[in-house]
Amino acid sequence: VCRGLSSSAVRAAAIKHVTIIGGGQMGAGIAQVAASTGHTVTLVDTSDDILKKAVKGIEGSLKRVVKKKFADKPEAGEEFIQKVLQNVSVSTDAGAAAQTLSHLCFIYYNTSSLPISDIASSTNRLDRFGGLHFFNPVPMMKLVEVIGTSATSQETFDSLLNFSKALGKTPVSCKDTPGFIVNRLLVPYVLEAIRLHERGHGSKEDIDIAMKLGAGYPMGPFELSDYVGLDTMKFIMDGWNEKDPDNPLFAPSEMLNKLVAEGKYGKKTGEGFYKYK
Ligand code: CAA
């Protein structure tokens, strides 16, 4: 959610302040990138604990970034971290943030699978509403998918493209279709890898090695599922399956369902397809 300027000044003005509702992995990552590129950010979530964890995550990730960027100048690196953190404020007052919404220029929604038009219809600012889809880990992944609905104005769509570029990302335009581009291709691929394993046609380890060394992916499908979160994978797939139950690409996987039912969500819980210390 971005607060810019009054509508007449919008076309020429760059977005300066970003309010992000949700301080999970994606929200914190977007906050980090926005703050690192000179925007002020308010990160909103329901509890101080979540927000503390989010800021700690941002700090940890910034340390990894500066280790490379300021390899020869650790002091400048520390200065950069402090400067970025100064750009981030936190709030548990969603009401106050919602109040700010009435003065907003644009509302952007980050979702992996929900239709942007469904979410837009709950607001009365359809022309100012669009989707931005970031990828995990946000500081490293260069792509942003930009989604306009039939009601999104050209001005809003242009602002989405410009904002993505201001964050140092490369935007691509997507239609408001399930999974946009990346997830529409990636999630069925990952699910088919799980089914391949379920059919006994390959071990998790071999499938991961095969896709890394044979197809050039940075992570194999099981590693990637654990990284993204099995709960997230299941949530996306269940949603699509509900809407299009006859599509075999969206068929559920027993193994995935079982792991999620056992609370094994991947890296974040210490166990998914693999175990983590
Ligand atoms: N913050 C800052 N830096 C990070 C980071 C983070 N969160 N994660 C990794 N890095 C940095 C590391 O510090 C490291 O830097 P150096 O090169 O200076 O050492 C560099 O990235 C490489 O990291 P690693 O050596 O730890 O491991 P890697 O080479 O495997 O890279 C990766 C990690 C960037 C995550 C890479 O494995 C990768 O690109 N994986 C695929 C990720 C992917 O496909 N994401 C999309 C998921 S789908 C999605 O997000 C959509 C959805 O809605 C579900």
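This is a predicted model: local features need pLDDT of at least 70, side-chain atom pairs count only at pLDDT 80 or more; totals for chains, interfaces and linings use all residues.

Residues are numbered from 1 along each chain as its sequence is written.

**Helix packing**

Two packed helices are described by the angle between their axes and the distance between the axes. Helices (H or I, at least four residues) and strands (E, at least two) are DSSP runs, numbered from the N terminus. Axes are lines fitted to C-alpha atoms, for helices over the stretch in contact, and angles run from 0 to 180 degrees between N-to-C directions.

| Helix pair | Axis distance | Angle | Crossing |
|---|---|---|---|
| H2 and H3 | 9 Å | about 55° | right-handed |
| H8 and H10 | within 9 Å | roughly 120° | left-handed |

A crossing is left-handed if the near helix is turned anticlockwise from the far one by less than a right angle, and right-handed if clockwise. Helix H2 packs against helix H3, which spans residues 48-69, at an angle of about 55°, and this makes H2 oblique to H3. Angles under 35 degrees count as roughly parallel, over 145 as roughly antiparallel, 65 to 115 as roughly perpendicular and the rest as oblique. On the H2 side the contact is made by Gly27, Ala28, Ala31 and Gln32, and on the H3 side by Ala54, Gly57, Ile58, Ser61 and Leu62, where residues are in contact if their C-beta atoms, placed from the backbone, lie within 7 Å. By class, five of these residues are nonpolar, four are polar and none is charged; Ala, Val, Leu, Ile, Met, Phe, Trp, Tyr, Cys and Pro count as nonpolar, Asp, Glu, Lys and Arg as charged, and the others, Gly among them, as polar.

For helix H8 (residues 182-198) and helix H10 (residues 221-228), the axes cross at roughly 120°, and H8 and H10 are therefore oblique to each other. Tyr189, Val190 and Ala193 of H8 meet Pro221, Phe222, Leu224 and Ser225 of H10, a contact with six nonpolar, one polar and no charged residues.

**Nonpolar cores**

A nonpolar core is a set of buried Ala, Val, Leu, Ile, Met, Phe, Trp, Tyr and Cys residues joined through C-beta atoms within 7 Å. The largest such core has 34 residues, of which Ile20, Ile30, Ala31, Ala34, Val41 and Leu43 touch the most other members. Its largest share, seven residues, comes from helix H2 (residues 25-36). Leaving aside residues up to four places away in sequence, Leu43 touches residues including Ile20, Ala31, Leu51 and Val90. A second, separate core of 19 residues includes Leu191, Ile194, Val228 and Met237.

**Single residues**

A residue is buried if 20 or more other C-beta atoms lie within 10 Å of its own, exposed if 12 or fewer, and partly exposed in between. Gly22, in the loop between strand E2 (17-21) and H2, counts as partly exposed because it has 18 C-beta neighbours inside 10 Å. Phe180, in the loop between strand E8 (170-174) and H8, counts as buried with 22 such neighbours, and Phe180 has a positive phi of about 55° although it is not a glycine. The peptide bond from Asn136 to Pro137 is cis, with omega near 0°, and Pro137 is found in the loop between strand E6 (129-133) and strand E7 (143-147).

Key. Two residues are in contact if their C-beta atoms, placed from the backbone, lie within 7 Å.
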